[in-house]
Amino acid sequence: MGNKSLMSLTFKPLLTFLLGTVGLGIGAAPLGIHLASGEVPAPQVGTKASLKPVSAASADIPFHSLEFDSQAEQQILELANRSRRQAGAPPLTMDSGLSRAARVHAQAMLEAHQLSHQFNGESSLPQRLAAATQLQLDQEGENVALDMDPAEAEQHLMLSPPHRANLLNPAYNVVGMGVIRSGDRLYVVQDFGHALPNYSLPDIKERIAASVQHARRNTNAADLPRRDLASADDTACSMAHADKLATPAVHQLSERYTVLTFTSLHPETLPTGSEHAIASHNLRSFSIGACYARTETYPTGVYWVVLSLE
């Protein structure tokens with residue numbers, strides 16, 4: 001089978017919502033709700049490896065001084081897409097930002113003379129990809145390998161269940177390839193992602209508004225008029241700046257309205273637990289504030305949403 005080594009890593013999607021402070025309006029007893037759902041996924045790796053420090057200057061070494069094999073990168077992409085086509089999965093599109101992240105990590109493996117998904121002093125996979133691309137990702141995965149040539153690397157990856165799962169994952173639609181040659185061996189990095197549509201803030205608000213009306217119709221409640229508040233977007237951005245849902249601006253808004261605050265990458269889906277408040281027959285209108293930001297909690301970006309019910 002040749003001289004080869006493999007490692008894979010998969011980040012499962014998180015349930016990216018938080019239901020924040022809810023005020024019941026003037027004269028009502030206040031109700032505070034802070035619900036979180038989801039799990040921090042455990043990395044799935046094919047083999048274990050000890051961590052070694054990586055030079056702090058690694059990412060600053062000019063690419064032209066290293067023997068990155070762009071032809072091998074393209075060949076591995078073509079082989080991967082051939083395997084995906086045979087499995088009925090959609091093709092992967094090469095993203096230049098993800099490829100830069102993959103190349104930097106391939107360089108780190110070369111310097112450490114070992115395979116790893118994260119060396120000491122190196123950012124996690126989601127952080128690395130977020131720093132390299134403007135794509136909005138809700139899933140990430142990575143395969144790394146040391147092999148003799150692109151064809152053998154593809155063959156060995158496909159024979160390994162965790163690597164095959166990444167390669168054929170139908171949810172992934174973008175990839176970055178990093179291949180660096182060291183003598184007769186290739187250090188290979190494949191960084192996968194599921195890129196979401198790049199919605200504008202007005203688009204996000206329209207989709208959330210449609211979800212609100214749909215939720216009300218499901219309970220035979222009448223549609224609500226939408227009257228956006230001038231402070232709604234600023235309140236949403238206050239959460240993004242603080243990287244949390246409960247902020248003074250949210251508290252101030254909850255003194256006048258029933259306020260649902262959450263984060264979302266899928267505006268067509270409202271957070272679980274919000275149905276009762278949205279379906280109330282006593283409501284007269286609603287408002288949506290939204291702000292897109294990348295934060296420490298959400299390195300690849302998320303929409304911070306304030307839904308005010310009156």
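Modeller: Helix H4 (residues 150-159) packs against helix H5 (residues 161-168) at an angle of about 105°, and their axes lie 5 Å apart. This is a predicted model, in which local features need pLDDT of at least 70 and side-chain atom pairs count only at pLDDT 80 or more, while totals for chains, interfaces and linings use all residues. Residues are numbered from 1 along each chain as its sequence is written, and side-chain values use heavy atoms, with hydrogens and water left out.

Colleague: What makes H4 and H5 roughly perpendicular to each other?

Modeller: The angle between them is about 105°, and angles from 65 to 115 degrees count as roughly perpendicular (under 35 is roughly parallel, over 145 roughly antiparallel, and the rest oblique), so H4 and H5 receive that name. The axes are lines fitted to C-alpha atoms, for helices over the stretch in contact, and the angles run from 0 to 180 degrees between N-to-C directions. Helices (H or I, at least four residues) and strands (E, at least two) are DSSP runs, numbered from the N terminus.

Colleague: Which residues of H4 and H5 meet?

Modeller: Contact means heavy atoms within 4.5 Å, and Glu154, Leu157, Met158 and Leu159 of H4 meet Pro161, His163, Arg164, Leu167 and Leu168 of H5. By class, this contact of H4 with H5 has 6 nonpolar, 1 polar and 2 charged residues, where Ala, Val, Leu, Ile, Met, Phe, Trp, Tyr, Cys and Pro count as nonpolar, Asp, Glu, Lys and Arg as charged, and the others, Gly among them, as polar.

Colleague: Why is helix H1 called roughly perpendicular to H5?

Modeller: The axes of H1 (residues 70-87) and H5 come within 9 Å and cross at roughly 85°, an angle that makes H1 roughly perpendicular to H5. Ala80, Ser83, Arg84 and Ala87 of H1 and Asn166, Leu167 and Leu168 of H5 make the contact, and these residues divide into 4 nonpolar, 2 polar and 1 charged.

Colleague: How do you know that strand E6 is largely enclosed by the rest of the structure?

Modeller: Buried means under 20% relative accessible area (exposed is over 50%, partly exposed in between, with a 1.4 Å probe and protein chains only), and 7 of the 9 residues of E6 (residues 174-182) are buried, so E6 is largely enclosed. Strand E7 (residues 185-195) is also described as largely enclosed, because 9 of its 11 residues are buried.

Colleague: What makes E6 and E7 a pair, and in which sense do they run?

Modeller: Two strands pair if DSSP finds at least two bridges between them, and E6 and E7 have 9 bridges in the antiparallel sense. Val174 stands opposite Gly193 in E7, and Val179 stands opposite Val188. The two strands form a hairpin with 2 residues between them, and Gly183 in the turn has a positive phi of about 65°. Strand E5 (residues 137-147) pairs with E7 in the antiparallel sense over 10 bridges, and strand E4 (residues 93-94) pairs with E6 in the parallel sense over 2 bridges.

Colleague: Which residues touch the most other members of the largest nonpolar core?

Modeller: A nonpolar core is a set of buried Ala, Val, Leu, Ile, Met, Phe, Trp, Tyr and Cys residues joined through side-chain atoms within 4.5 Å, and of the 19 residues in the largest one, Ile278, Phe286 and Leu307 touch the most other members.
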